[in-house]
Amino acid sequence: MKVILYVFSGTGNTLKVASLYKKYLNAEVTVYRVSEKSGNFPSPEEYDLVGIGYPIHAFSAPEPIVKFCKKLPPVAYRRAFVFKSSGEGLHINDGSSQKLIKILQKKGYDVLLERHIVMPYNMIYRHSDAMAKQMWIYAKAYVKLNCNELESFRREKVKKPLYRTLFAAPIGWIEGKFAHFHGPAFKVDTNKCIECGKCAAVCPENNIQKVDGKYKFGHKCVLCMGCSFGCPMDAIHVGIFKYWKVNGSYRLEELVKDDTIQFPLVPDHAKGIYKLYKKYYREVDKKLKEGGINLNDYV
């Protein structure tokens, strides 16, 4: 079986999830990163299974992955699935793929199922090492389960909650428009900047240009936060989102191997805001058990 994963990822979280699909699927897997810089993409007609991956933005699929799916060629029939990542497992995110899936179905793609993988936040606040460790261990186990489901041709109706249409969808639309308007508010602190150019290189929308020796941010920003998250000197000012800024890698594999970091944290030992994650992890625990996946194999 040949599999193509079309992935939009700003800070790299969704790409990390894609790497797990590549590892666990018993197939030849190609990962294509959706970006304005990527040029021609591999044709889905050359593959048996198509995966679409993205990070949830304001309860919705971000603009770049929706635009990309509109560019995909129609097919007579092609099996497909969706995987998405976010910093929380709240059910308000359940319907984030509605628009995207509708586009795919009109083009002849048979969307079998969708999976939501919780990963550490790249904005709002920084997760603790224990929470990031929990997220990555569960991500590995949950993706392995999903790979087993895909290989057995499991089909599952994708959720389409009414509140998604009435409440969440408009918020996603507003966030997308505001991101474009707010883009030029991003600035580089010249006292910290070491001229590595990583911010411009990582930007999937080609929104950062160097003009007269200074970095300029345009109106194509989609708030992926790749520039500010990955800056080695923490030199990016992010406009009104300065109190939501997160900078620097979570070193996920290192955290998993560190026996001094508590695991599991949720649901049994969660405190404060992490109590909100109990329901998600209890639901995943049930699915892993039903699928014969032993979580300890991924610690």
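1. D234 and K245 form a salt bridge, with their closest N and O atoms 2.7 Å apart; the term stands for a side-chain nitrogen of Lys or Arg within 4 Å of a carboxyl oxygen of Asp or Glu. The pair links distant parts of the chain, 11 residues apart: D234 is in the loop between α7 (226-230) and β9 (236-238), and K245 in the loop between β9 and α8 (252-257). D234 counts as partly exposed because its relative accessibility is 30%, and K245 does at 24%. Here buried means under 20% relative accessible area, exposed over 50%, and partly exposed in between (1.4 Å probe, protein chains only).

2. This is a predicted model, in which local features need pLDDT of at least 70 and side-chain atom pairs count only at pLDDT 80 or more, while totals for chains, interfaces and linings use all residues. Residues are numbered from 1 along each chain as its sequence is written, and side-chain values use heavy atoms, with hydrogens and water left out.

3. The structure holds 11 salt bridges. Side chains of opposite charge can pair when their charged atoms come close. One of the bridges joins D110 and R155 (2.6 Å, N to O). D110 lies in strand β5 (residues 109-118) and R155 in the loop between α4 and α5 (162-182), so this pair ties together parts 45 residues apart in sequence. D110 is buried at 16% relative accessible area, whereas R155 is exposed at 53%. Helices (H or I, at least four residues) and strands (E, at least two) are DSSP runs, numbered from the N terminus.

4. Another salt bridge joins E63 and K67 (3.3 Å, N to O). Both residues lie in helix α2 (residues 63-71), four residues apart, which is about one turn of the helix. E63 is partly exposed, with 23% relative accessible area, and so is K67, at 46%.

5. A network of salt bridges links R115, E149, R154 and E156.

6. Helices α1 (residues 13-24) and α4 (residues 129-151) have axes that come within 9 Å and cross at roughly 50°. The axes are lines fitted to C-alpha atoms over the stretch in contact, and angles run from 0 to 180 degrees between N-to-C directions. The two helices are therefore oblique to each other; angles under 35 degrees count as roughly parallel, over 145 as roughly antiparallel, 65 to 115 as roughly perpendicular and the rest as oblique.

7. Helix α3 (residues 98-106) has buried residues, among them Q98, L100 and I101. G108 follows α3 and has a positive phi, near 100°.
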